[in-house]
Amino acid sequence: MSSTGTRHERAGILLVDDMEDNLTALEAVLASLNEPLIRARSGEEAMKAVLRQPVALVLLDVRMPGMDGFETASHLKRLVHTRDVPIIFLTGADDDAGLAFRGYATGAADYLTKPFDPWVLRAKVGVFLDLYRKGREVERLRAEVQELRRRAGEVR
C-alpha cells in the first residue's frame, strides 16, 4: 500500500472540549486504539485543526464558550473535506433532552452524555474508525480499477 494510503488510514480523532480534564479523560479512554488524537480547546481551534490534518472522527462537546458544539458541527458539515466525517456529541447528563435532537439535526452520528461509559465510547469510536478505513479501501480500489481501465484503453 502507498504511503499516501497509510497516511489517510491514520487520520486522527479530533477531541474538542474546553475543559482540560475532559480532554485528558478522552485521551486515556482512546489511547489503546493507537490512532492519532488531536486536541482542540474550542470550536475555533477545531476548525484550524481540520485544515492541518485529516480526521476520521470528531468527539465534540456541546457546551463551550464562543463557538459551541452545534455551531462547530455546522461549520464542519459545510467543508468539503469534513462534511462526511462522523461527529459524536458529548454533553453533561443534566443537559436538556432537546439538545440531543438538535445534535442529530446538526448532523451528529451519535450523542453521548457525560459521564460516559469508557467501554461504550471506545467501542463506538472503533466502529467509526473501521468504517473510515473501509471507505478509504473502497476509494483505493476504485482508483485502481480506473487506472486499469485507463491502461486497457491505451493498449487497444
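## A partly exposed valine to start with

At 48% relative accessibility, Val127 counts as partly exposed, a class that lies between buried (under 20% relative accessible area) and exposed (over 50%), with a 1.4 Å probe and protein chains only. Val127 sits in helix 6, residues 118-155; helices here are DSSP runs of H or I with at least four residues, strands are runs of E with at least two, and both are numbered from the N terminus. From Val127 to Arg149 there are 22 residues in sequence and 33 Å in space, C-alpha to C-alpha.

## The model and its confidence

This is a predicted model, in which local features need pLDDT of at least 70 and side-chain atom pairs count only at pLDDT 80 or more, while totals for chains, interfaces and linings use all residues. Residues are numbered from 1 along each chain as its sequence is written, and side-chain values use heavy atoms, with hydrogens and water left out.

The pLDDT, the predictor's confidence in each residue from 0 to 100, has a mean of 88 for the protein, with 90% of the residues at 70 or more. Residues 1-9 have a pLDDT below 50, yet this stretch has 12 contacts in the model beyond near neighbours in sequence; a contact means heavy atoms within 4.5 Å.

## Overall layout

You will find 6 helices and 5 strands in the protein, and from the N terminus they run α-β-α-β-α-β-α-β-α-β-α. Along the principal axes, the C-alpha atoms fill a box of roughly 65 × 30 × 25 Å.

Of the 156 residues, 39% count as buried. Among contacts with a separation of 6 or more, 62% come from residues 24 or more positions apart.

## Helix 3 against helix 4

Two packed helices are described by the angle between their axes and the distance between the axes. For helix 3 (residues 43-52) and helix 4 (residues 69-78), the axes come within 9 Å and cross at roughly 20°. Axes are lines fitted to C-alpha atoms, for helices over the stretch in contact, with angles from 0 to 180 degrees between N-to-C directions.

## Two buried positions

Val55 belongs to strand 3, residues 55-61, and is buried at 7% relative accessibility. Leaving aside residues up to four places away in sequence, Val55 touches Ala11, Gly12, Leu14, Ile38, Val50, Val85 and Tyr132.

Thr106 lies in the loop between helix 5 (98-105) and strand 5 (110-114). Its relative accessible area of 17% makes Thr106 buried. With residues up to four places away in sequence not counted, Thr106 touches Phe70, Ala73, Ser74 and Lys77.

## Backbone points to check

Most residues other than glycine have a negative phi, and most peptide bonds are trans. Asn34, not a glycine, has a positive phi of about 55°. Its place is in the loop between helix 2 (20-30) and strand 2 (37-40), and at a relative accessible area of 55% Asn34 is exposed.

Lys114 and Pro115 are joined by a cis peptide bond, with omega about 0°. Pro115 is in the loop between strand 5 and helix 6.
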